[in-house]
Amino acid sequence: MAEGDFLALLGPSGCGKSTLLRMIAGLIEPSAGRLDWGRDARREIGFVFQEPTLMPWATALRNVALPLELGGMPRREAERRAAEWLARVELAGFEDAYPRALSGGMRMRVSIARALVTRPRLLLMDEPFAALDEITRFRLNDDLLKLWQAERFTAVFVTHSTFESVFLAERILVMSPRPGRVAAELHVPAGDRATPEFRTSAAYAAHCRAVSQALGRAMAA
Amino acid sequence: MSLALRVLAPLLVGLAVLGGWEWGVRHYEVPPYILPGPALIAQTLWSDWATLAPSLLVTLEITFAALLVAATLGLALAILFAQSRVIEMSLFPYAVVLQVTPIVAIAPLIIVWADNLMLALLICAWIVAFFPVLSNTTQGLNSVDPNLRDLFRLYRASRWQVLWRLQLPGALPYFLAGLRISGGLSLIGAIVAEFVAGTGGASSGLASRILEAGYQLQIPRMFAALVLVSGLGIVIFGALTLLSYLLLRRWHDAR
């Protein structure tokens with residue numbers, strides 16, 4: 001995949017999407033074969049888990065500052081940047097809130113801010129919005145897209161929602177279950193996404209239908 | 001439930017029991033060497049305060065020293081266990097052995113071996129008290145959210161960073177819960193050990209006051225000493241509960 005792409009991995013549970021993501025992150029080793037890195041981009045990775053995965057004993061600010069501090073940045077500087085990123089995910093004013101005081105959507109925003117605070121070139125997301133209600137999910141989709149357009153990191157987004165994949169990604173890889181293989185690859189041109197009200201446009205509906213059919217074939221195969 | 005009710009309800013029960021006790025003792029004219037009434041016990045507590053207070057202090061010292069050592073050593077051992085599965089597997093069974101051995105049975109040995117009685121009492125109290133801290137903290141250090149552990153791995157956190165920023169804060173509620181149990185146990189350990197040591201005149205904690213009063217049939221004084229022991233236990237439990245509340249209130253749900 002090319003730099004700056006937004007790629008979605010779409011497939012049923014158990015097809016190995018999350019496993020693939022963890023392999024990319026280096027959290028698990030592939031049992032055979034290898035991952036091909038064009039250039040040495042390996043260490044600039046951000047990861048957003050299915051759950052917000054925040055430290056309950058730390059404030060939102062301290063949670064976001066964590067990756068920087070683990071990398072050895074002085075606390076003051078790390079917290080300054082963490083505050084900036086909290087503002088960018090629209091959580092300015094919640095710096096001192098503990099995770100239990102935040103809603104599910106807000107926790108996920110903190111988690112995204114934490115993944116982006118190191119300015120990674122690659123952002124991996126493992127069904128990050130699966131547990132959220134649809135309204136919150138749409139808003140987070142919008143905001144994630146805005147962040148991606150501003151920052152142009154490469155994004156790999158695992159999901160099992162057809163609609164989410166079409167809304168977010170330029171390239172969609174449809175995976176088949178057991179054994180997990182890439183069954184189809186679809187493209188959503190940037191021009192289509194630029195249309196106002198993309199989510200209710202005819203183009204969006206057409207792409208969703210195409211992806212849905214590809215998924216159906218992958219499941220049947 | 002409102003706070004007033006939570007305080008008031010047990011208080012009323014206590015007062016009713018004490019009132020019934022006092023009435024029963026007076027009505028049936030029970031002699032004080034069989035069962036003294038609460039009023040007489042309170043009076044004895046006041047009049048014998050000069051003898052009881054130093055004993056209270058001795059028991060308090062042993063209990064606190066034992067709790068401190070139990071907390072420190074329990075925490076240190078738990079950290080060691082969390083560093084290596086092999087160390088944990090090799091040593092944990094012996095911690096269990098120490099825990100299940102009745103302290104009354106080994107206290108005489110410890111008293112013989114340690115040349116200083118205070119030290120012997122301290123060791124006995126420690127043996128009784130240290131296990132909850134050790135086992136709770138070990139469990140806390142090992143029950144870190146696996147995703148958070150992966151996150152730390154992703155950012156190449158050192159072992160020290162994982163321990164200090166992830167495992168220890170996560171284990172704090174477990175440690176404090178263990179400490180609350182250990183607080184009561186160290187008091188029991190101190191009292192039991194002193195009972196075993198007997199009243200050779202050498203020891204001077206609350207247990208020897210209880211024994212002494214029993215031999216001399218000064219039952220009101222015995223009850224007064226008992227009241228002090230229970231009171232001490234309640235104060236220790238209350239203090240540790242408060243400590244745990246203050247440390248956890250901002251982020252932890254269970255209080």
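The model is predicted.

The secondary structure of chain A consists of eight helices and six strands. Along the sequence these elements are arranged in the order β-α-β-α-α-α-β-α-β-α-β-β-α-α. The radius of gyration of chain A is 18 Å, close to the 17 Å given by the globule rule for 221 residues, so chain A is as compact as a globular protein of that length. The C-alpha trace of chain A extends over about 55 × 45 × 30 Å along its principal axes. Buried residues make up 40% of the 221 residues of chain A. Of the contacts in chain A that link residues at least 6 apart in sequence, 72% are between residues at least 24 apart.

Two domains are assigned in chain A. Domain 1 is made up of residues 1-44 + 120-221, and domain 2 of residues 54-119. Eleven residues from domain 1 of chain A and eleven residues from domain 2 of chain A take part in the contact between them. On the domain 1 side, helix H5 (residues 134-151) of chain A supplies the largest share, with five residues. The class composition of this side of domain 1 of chain A is nine nonpolar, one polar and one charged residues.

Chain A also touches chain B. This contact takes 15 residues from chain A and 14 residues from chain B. On the chain A side, the elements that give two or more residues are strand E2 (45-48) and helix H2 (60-70). By class, the side of chain A that touches chain B comprises eleven nonpolar, two polar and two charged residues.

For chain B, an unreviewed UniProt entry carries the annotation "transmembrane region" for residues 62-82, 94-113, 119-141, 187-211 and 223-248. Two of these annotated segments were examined in the model, namely residues 94-113 and residues 119-141. Over residues 94-113 of chain B, the chain is 90% helix and 0% strand, with the end C-alpha atoms 20 Å apart. Over residues 119-141 of chain B, the chain is 100% helix and 0% strand, and the C-alpha atoms at the ends are separated by 31 Å.

Technical notes:
Residues numbered from 1 in each chain as written. Chains lettered and ligands numbered in written order. Predicted model: local features only at pLDDT ≥ 70, side-chain atom pairs only at ≥ 80, totals over all residues. Domains from an automatic or database assignment. Contact = placed C-beta atoms within 7 Å. Helix = DSSP H or I, 4+ residues; strand = E, 2+ residues; numbered from the N terminus. Nonpolar A, V, L, I, M, F, W, Y, C, P; charged D, E, K, R; others polar. UniProt positions renumbered as here; feature names shortened; annotations may be inferred. Rg over C-alpha atoms; globule rule 2.2 N^0.38 Å. Buried ≥ 20, exposed ≤ 12 C-beta atoms within 10 Å, placed from the backbone.
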